[in-house]
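Reader: I have a chain to go through with you. Can you put it up?

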Amino acid sequence: MLTTIATVVAGLLGAGLVLMGGSAVARPRGLAGFGIPDAPVDDPALRPWLRVKGLREIAPGAFVFALMLTATSSVLGWYLLVFAVIPAGDALVVLRSGGPKATAYGVHAATSAVMVLTGICLLA
């Protein structure tokens, strides 16, 4: 039962990554809420970099689905544990750049925590 719930949560995380990444590719200005203050999202030179970030969100999300289809739950669990470093790093970047703590903790750190908890549940 726990593995089933954790697998569903992993799928939701993967879907969220694909959707956020797709949104960033289609509308890079939408990443303004990422948490870095004064990011020049209206600057045409920055928009391609924001699209790159979007594509880099899509790939790990799609990889979650690939693992769900082809690997054991423990492999998916290890992937989520390792991948949780990325949103934790995002939280640190937001905090170090003077961004809102609510975004750093409520979005990025919370995502990392859910990934760690889900990964642990898949390994249990």
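Predicted model: local features only at pLDDT ≥ 70, side-chain atom pairs only at ≥ 80, totals over all residues.

Reader: How many helices and strands?

Author: The chain has 5 helices and 0 strands. Both are DSSP runs numbered from the N terminus: helices are H or I with at least four residues, strands are E with at least two. From the N terminus the order is α-α-α-α-α. The radius of gyration is 15 Å, close to the 14 Å of the globule rule for 124 residues, so the chain is as compact as a globular protein of that length. That radius is taken over C-alpha atoms, and the rule is 2.2 Å times the number of residues to the power 0.38.

Reader: What box do the C-alpha atoms fill?

Author: Roughly 45 × 25 × 15 Å, taken along the principal axes.

Reader: How much of the chain is buried?

Author: Buried residues are 32% of the 124. The cut-offs are under 20% relative accessible area for buried, over 50% for exposed, and partly exposed in between, with a 1.4 Å probe and protein chains only.

Reader: Switching to charges. How many positive and negative side chains?

Author: There are 8 positive and 5 negative, and the centres of the two sets lie 3 Å apart. Lys and Arg count as positive, Asp and Glu as negative, with His and the chain ends not counted. Each charge is placed at NZ of Lys, CZ of Arg, CG of Asp or CD of Glu.

Reader: How many salt bridges, then?

Author: A search of the whole structure finds 1, where a salt bridge is a side-chain nitrogen of Lys or Arg within 4 Å of a carboxyl oxygen of Asp or Glu. Lysine 53 pairs with glutamate 57, and their closest N and O atoms are 2.6 Å apart.

Reader: Where do lysine 53 and glutamate 57 sit?

Author: In helix H2, residues 47-70, where they are 4 residues apart and thus separated by about one helical turn. Lysine 53 is partly exposed at 21% relative accessibility, whereas glutamate 57 is buried at 15%.

Reader: Now proline 28. Buried or exposed?

Author: Proline 28 is buried, at 4% relative accessible area. Proline 28 sits in the loop between helix H1 (2-26) and H2. Leaving out residues up to four places away in sequence, proline 28 touches Ser23, Arg47, Leu50 and Arg51.

Reader: How far is proline 28 from leucine 123?

Author: They are 36 Å apart, C-alpha to C-alpha, and 95 residues apart in sequence.

Reader: Last one: where is histidine 108?

Author: Histidine 108 is in helix H5, residues 101-123, and is buried at 7% relative accessible area. Its C-alpha lies 8.2 Å from that of glycine 89, 19 residues apart in sequence.

Methods: Residues numbered from 1 in each chain as written. Heavy atoms only, no water. Contact = heavy atoms within 4.5 Å.
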